[in-house]
Amino acid sequence: QVSAVELAQESLAAIEAARELNAFIDVNPEPTLAAAKAADARLARGESGPLVGLPIAHKDVFVTRDWRSTAGSKMLDSYRSPFDATVVERLAAAGMVCVGKTNMDEFAMGSSNENSHFGPVQNPWDRRAVPGGSSGGAAAAVAARIVPAATGTDTGGSIRQPASFTGVTGIKPTYGRVSRYGMIAFASSLDQGGPFAQSAHDCALLLNGMAGFDPRDSTSLEHPDEDFTRAIGKGWNGGTNAAKPLDGLRIGLPNEYFGDGLASDVRDAVEAALKQYEALGAVRVPVSLPKTELSIPVYYVIAPAEASSNLSRFDGVRFGHRAAQYTDLLDMYKKSRSEGFGEEVKRRILVGAYVLSHGYYDAYYLQAQKIRRIIASDFQQAFTQCDVIMGPVAPTVAWDLGAKGDDPVAMYLADIYTLSISLAGLPGMSVPCGFGANGRPVGLQIVGNYFDESRMLQVADAFQ
Ligand code: GLN
């Protein structure tokens, strides 16, 4: 039997061997090996558990005592937290061994991991391609089999889209399921942590370790704990037809998710997956999510508004980077912030401050909040007709590094299929379903109703 120390050493060696991927921002073998030894001691005492001794990498947005916590920003380049995020703490308590912190778009703003202060990450399937973002390092680390699991966060797609681009499984739980305590905030009403792994079953085990009420997060939901593996391998709604385990499953297909913007290679891979689901006993139900197109402007008003507020704490006084030379306090704020933040982050702060400002609040922010509510109720309408919703995660496979670098709006448009799920607070996941252009992976998106993660994972597992 392989020991936790051996597994940790293998992961650390794999990080080293795959340096060019640039998937990691910080590694620190000492606490890693100490945790691995502790896990071996637990195993020796006969304390088993599905996660004990397994390596995990944390997205660098989760604060950690033993590693730097940069959120991909120069602002926090050398920041060390005095405490661990709840997610980090919980997975450590479950026996997992952290091997390092993964690269990400600065403050989780991006869809390609090219906005990181620490440079872009390569997609292990094709090094010319982006891994997706903002959790690009986490997805690449799992796809390259450096670690069996990683944490990520998803504000508008940052778990699902990189999972899709790198051919791994990733789930964004219902908003409020996973504690945000110690997760460096981007847009607090949208941010949600979740796992990346090689399968839905592994994601269920990880979610068992991560999820649960946390009094330190004011939006954490008091929902009874559950075993997310409970439905895996069972027939749909207790069905016993072994040949058709998903007999009776109604898959809602929003017609807005299969329109003109969808690339044909992605469409073909998703269509092939849907055929397999039919063979497993599921039926297709056409549904409509009429405000899908508006999810882009709505998200890109609300997320920057919240970001501009959250990021005001980085003032050069309490956290992070401080300019070396300045004349007075105001000058110190200005210089520290202009040096510490990258271009995309500045763009969002400006947009956010604008839409919240007197005279524009009603026109933009309030309108966006109203449409957000309609988007959420459209999903509830759809869920009266179906059990899960399926569709593509992104309109295309991973694009080339640099291809959208100077066009932020082109990057925003690529979030079309993930944003509305985040705005509604629903759980969504990406499951690998084939390959498209240049042999790049394609993910199938599965969306469930609130707190329906166990059944989503059951549906995903039946396909894997
Ligand atoms: N691409 C989206 C953005 O840039 C989503 C990022 C995320 O989910 N963190 O805001």
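Colleague: How many Å should the 16 residues of helix 8 (residues 295-310) span at 1.5 Å a residue, and how far apart are its end C-alpha atoms?

Modeller: This is a predicted model, in which local features need pLDDT of at least 70, side-chain atom pairs count only at pLDDT 80 or more, and totals for chains, interfaces and linings use all residues. Residues are numbered from 1 along each chain as its sequence is written.

Helix 8 should span 22 Å, and its end C-alpha atoms are 22 Å apart, so the two values agree. The expected span is 1.5 Å times one less than the number of residues. Helices (H or I, at least four residues) and strands (E, at least two) are DSSP runs numbered from the N terminus.

Helix 8 is mostly covered, with twelve of its 16 residues buried (20 or more other C-beta atoms, placed from the backbone, within 10 Å of a residue's own). Among them are Ser295, Tyr299, Tyr300 and Glu306. The buried residues pack against helix 10 (343-355), helix 11 (361-382), helix 12 (408-413) and helix 13 (419-424).

With helix 10, helix 8 packs at an angle of about 100 degrees, the axes lying 7 Å apart. That makes helix 8 roughly perpendicular to helix 10 (65 to 115 degrees). At this contact (C-beta atoms within 7 Å), Val301, Pro304, Ala305, Ala307 and Ser308 of helix 8 meet Arg348, Ile349, Val351, Gly352, Ala353 and Val355 of helix 10. The residues involved divide into eight nonpolar, two polar and one charged.

Turning to another covered element, strand 11 (residues 441-447) has seven of its seven residues buried. Pro441, Gly443, Gln445 and Val447 point one way from the strand, while Val442, Leu444 and Ile446 point the other way. Strand 11 runs antiparallel to strand 9 (residues 388-392), joined by four bridges, with Gly391 opposite Gln445. Strand 10 (residues 428-435) is also antiparallel to strand 11, through seven bridges, and Met429 has Ile446 as its bridge partner. Strand 10 and strand 11 form a hairpin with five residues between them, and Asn438 in the turn has a positive phi of about 55 degrees.

Ala163 lies in helix 5 (residues 160-166) and counts as buried because it has 37 C-beta neighbours inside 10 Å. The C-alpha atoms of Ala163 and Pro131, 32 residues apart along the chain, are separated by 8.4 Å.

Terms used
Pairing = 2+ DSSP bridges. Contact = placed C-beta atoms within 7 Å. Axes fitted to C-alpha atoms, helices over the stretch in contact; angles between N-to-C directions. Parallel < 35°, antiparallel > 145°, perpendicular 65-115°, else oblique. Nonpolar A, V, L, I, M, F, W, Y, C, P; charged D, E, K, R; others polar.
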